[in-house]
Amino acid sequence: MLKAIYPGSFDPVTNGHLDIIRRSAKIVDQLIVGVLNNNAKSPLFSVEERVNMLKEVTKDIENVKIVPFAGLLIEFAKEQGADLVIRGLRAITDFEYELQMSQTNHKLDSSIETMFLTTSIEYSYLSSTSVKEIAVFGGDVSQFVPKIVAVELEQKMK
């Protein structure tokens with residue numbers, strides 16, 4: 001059984017994230033979407049809110065499980081019994097950072113591999129940061145995020 005982790009902060013989850021989740025779920029037997037609780041950052045949504053939004057937008061994908069985590073990704077992967085970490089790449093700048101992280105993780109535990117999926121072209125420009133910026137200024141984010149997330153963003157901005 002091939003079990004993978006797709007980690008991220010998902011603040012908020014975008015259609016780009018959802019694309020990677022759907023495509024990854026077709027490749028592995030079980031996909032654990034790891035929602036990072038990073039105390040160094042001040043996210044717009046709490047971990048619980050992000051987990052709930054992800055559960056809602058992935059409820060139709062049977063082999064996806066949403067799990068919050070803190071600390072080192074490689075330790076979380078070991079705790080979950082994962083063989084693989086999946087990372088999405090939008091641009092070459094993502095690759096430089098992700099390559100460095102995957103090499104570090106490989107040094108920490110060589111039994112856990114990293115696989116990169118390039119983002120579908122229609123989402124290559126999309127980031128949670130840009131979605132939040134659009135929402136802050138009252139813009140329409142409905143084309144960038146699932147409907148439930150757009151509603152949550154609108155509520156958060158009130």
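**View 1. Helix 2 and helix 6 run beside each other.** The axes of helix 2 and helix 6 (residues 147-157) come within 10 Å of each other and cross at roughly 155°. That angle makes helix 2 roughly antiparallel to helix 6. (Angles under 35 degrees count as roughly parallel, over 145 as roughly antiparallel, 65 to 115 as roughly perpendicular, and the rest as oblique. Axes are lines fitted to C-alpha atoms, for helices over the stretch in contact, and angles run from 0 to 180 degrees between N-to-C directions.) Two packed helices are described by the angle between their axes and the distance between the axes. From helix 2, Glu49, Met53, Glu56 and Val57 meet Ile148, Val149, Glu152 and Lys156 of helix 6. Contact here means heavy atoms within 4.5 Å. Sorted by class, this contact has four nonpolar, no polar and four charged residues. (Ala, Val, Leu, Ile, Met, Phe, Trp, Tyr, Cys and Pro count as nonpolar, Asp, Glu, Lys and Arg as charged, and the others, Gly among them, as polar.)

The model is predicted: local features need pLDDT of at least 70, side-chain atom pairs count only at pLDDT 80 or more, and totals for chains, interfaces and linings use all residues. Residues are numbered from 1 along each chain as its sequence is written, and side-chain values use heavy atoms, with hydrogens and water left out.

View 2. Two strands pair if DSSP finds at least two bridges between them. Helices (H or I, at least four residues) and strands (E, at least two) are DSSP runs, numbered from the N terminus.

**View 3. Strand 1 pairs with strand 2.** Strand 1 (residues 3-8) and strand 2 (residues 30-36) are joined in the parallel sense over six bridges. Lysine 3 has glutamine 30 of strand 2 as its bridge partner, and proline 7 has glycine 34. In a regular strand the side chains alternate between the two faces of the sheet. In strand 1, Lys3, Ile5 and Pro7 point one way, while Ala4, Tyr6 and Gly8 point the other way. Six of the six residues of strand 1 are buried, so the strand is largely enclosed by the rest of the structure. (Buried means under 20% relative accessible area, exposed over 50%, and partly exposed in between, with a 1.4 Å probe and protein chains only.)

**View 4. Aspartate 109 forms a salt bridge with lysine 78.** The closest N and O atoms of this pair are 3.9 Å apart. A salt bridge is a side-chain nitrogen of Lys or Arg within 4 Å of a carboxyl oxygen of Asp or Glu. Aspartate 109 is buried at 13% relative accessibility, whereas lysine 78 is partly exposed at 39%. Glu75, Lys78 and Asp109 are linked in a network of salt bridges. The whole structure has nine salt bridges.

**View 5. Two arginines take part in salt bridges.** Arginine 87 meets glutamate 98 at 2.7 Å, N to O. This pair links distant parts of the chain, with arginine 87 in strand 4 (residues 84-89) and glutamate 98 in helix 4, eleven residues apart. Arginine 87 is buried at 19% relative accessibility, and glutamate 98 is buried at 8%. Arginine 90 meets aspartate 94 at 3.1 Å, N to O. Arginine 90 is partly exposed, with a relative accessible area of 36%, while aspartate 94 is buried at 16%.

View 6. Arginine 23 lies in helix 1 (residues 15-27) and is partly exposed, at 26% relative accessibility. Not counting residues up to four places away in sequence, arginine 23 touches Leu117, Thr118, Thr119 and Ser120. The C-alpha atoms of arginine 23 and serine 120 are separated by 9.9 Å, although these residues are 97 residues apart along the chain.
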